[in-house]
Amino acid sequence: MTATPGSLAAVEARLFRRAFGHFCTGVVVITTCDDEGPAGFSCQAFVPLSLDPPLVLFCPQAGSDTWRRVRGSGLFGINVLAVEHRDLSRVFGTRGTDKFAGVGWAPSPAGVPILTGALTWAECRVEAVHPGGDHAIVVGRVTALGDCRDGAPLLFYRGRYTGTAAVSPYESPEVVDTLLAWPRHTDWI
């Protein structure tokens, strides 16, 4: 049987996950608040998208109840997790539980939940939504930013949580660490 490009037979889901499990991602919790109260989910498909205007991108499952609530409110928070937040990420990665039970948080200026101890956070407004197979591609405009605290980020690699090695504050940053601050960022893109 000849597989059609783009068909499940052409790219098995198991092999797809295995191959791209070798791409390390950070872990954030996307939050919102509506008439039903606070809601949130763990998300690995998140990236900063643009400096001008300040945009971010995340990809929730298209049928997610939390995504429905984010879309309805039009507002969401990005909470960047630290390596010590493995259990918190697991809580927000489950369906149907009261994810905020026993979790410290405070409202952002627009009222989205900001998790206590996050490395940093952003408050965003939904700017655009695009179809992405079994996920949605959500572009958000950043409307507020939180302070940054020291700590190692929570990462996900090959189906497991992990962290980064300690970096000396005395070492010069790598070129990739300065790409967003590079005055001529079009040199890289």
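Begin by selecting Ile-30, which touches Ala-39, Gly-40, Phe-41, Cys-43, Phe-58, Val-70, Phe-76, Gly-77 and Ile-78, leaving aside residues up to four places away in sequence; contact here means heavy atoms within 4.5 Å. The model is a predicted one, in which local features need pLDDT of at least 70 and side-chain atom pairs count only at pLDDT 80 or more, while totals for chains, interfaces and linings use all residues. Residues are numbered from 1 along each chain as its sequence is written, and side-chain values use heavy atoms, with hydrogens and water left out.

**The cores**

Ile-30 is among the residues with the most contacts inside the largest nonpolar core, which has 15 residues, and Phe-58, Phe-76, Ile-78 and Cys-124 are the others named with it. Such a core is a set of buried Ala, Val, Leu, Ile, Met, Phe, Trp, Tyr and Cys residues joined through side-chain atoms within 4.5 Å, where buried means under 20% relative accessible area, exposed over 50%, and partly exposed in between (1.4 Å probe, protein chains only). The elements giving two or more residues to this core are E2, E3, E5, H2, E6, E9 and E10; helices (H or I, at least four residues) and strands (E, at least two) are DSSP runs, numbered from the N terminus. With three residues, E10 gives the most to this core. To see a second, separate core, of nine residues, select Val-27, Leu-81, Leu-88 and Phe-100, which are included in it.

**Helix H2**

Next, select residues 65–73, which form helix H2, and pick out its buried residues, Thr-66, Trp-67, Arg-69 and Val-70. Seen down the axis of H2, these buried residues fall within an arc of 160 degrees, so they line one face of the helix; the arc is that of the directions from the helix axis to the C-beta atoms. On the other side of H2, Arg-71 and Gly-72 are exposed. The buried residues of H2 pack against several strands, among them E2 (28–34), E6 (75–80) and E10 (135–145). At the start of H2, a side-chain oxygen of Ser-64 comes to within 3.2 Å of the backbone nitrogen of Thr-66, and after the helix comes Gly-74, whose phi is positive, near 80 degrees.

**Aromatic rings**

Now show the aromatic side chains: which residues form one aromatic cluster? They are Phe-41, Phe-58, Trp-67 and Phe-76. In the whole structure, a search finds five aromatic pairs. The rings of Phe-58 and Trp-67 have centres 6.2 Å apart and planes at 85 degrees, so this pair is edge-to-face. Rings of Phe, Tyr and Trp (its six-membered ring) pair if their centres lie within 6.5 Å, and planes under 30 degrees apart count as stacked, over 60 as edge-to-face and the rest as tilted. Phe-58 counts as buried because its relative accessibility is 0%, and Trp-67 is buried as well, with a relative accessible area of 4%.

**A loop serine**

Finally, select Ser-108, in the loop between strand E7 (105–107) and strand E8 (113–115). Is Ser-108 buried or exposed? At 6% relative accessibility, Ser-108 counts as buried. Leaving aside residues up to four places away in sequence, Ser-108 touches Ile-114, Trp-121 and Glu-123. The side chains of Ser-108 and Glu-123 make a polar contact (2.6 Å), that is, a pair of N or O atoms within 3.5 Å, of which, within protein, one must be able to donate a hydrogen and the other to accept it, and residues adjacent in sequence count only if both atoms are side-chain atoms.
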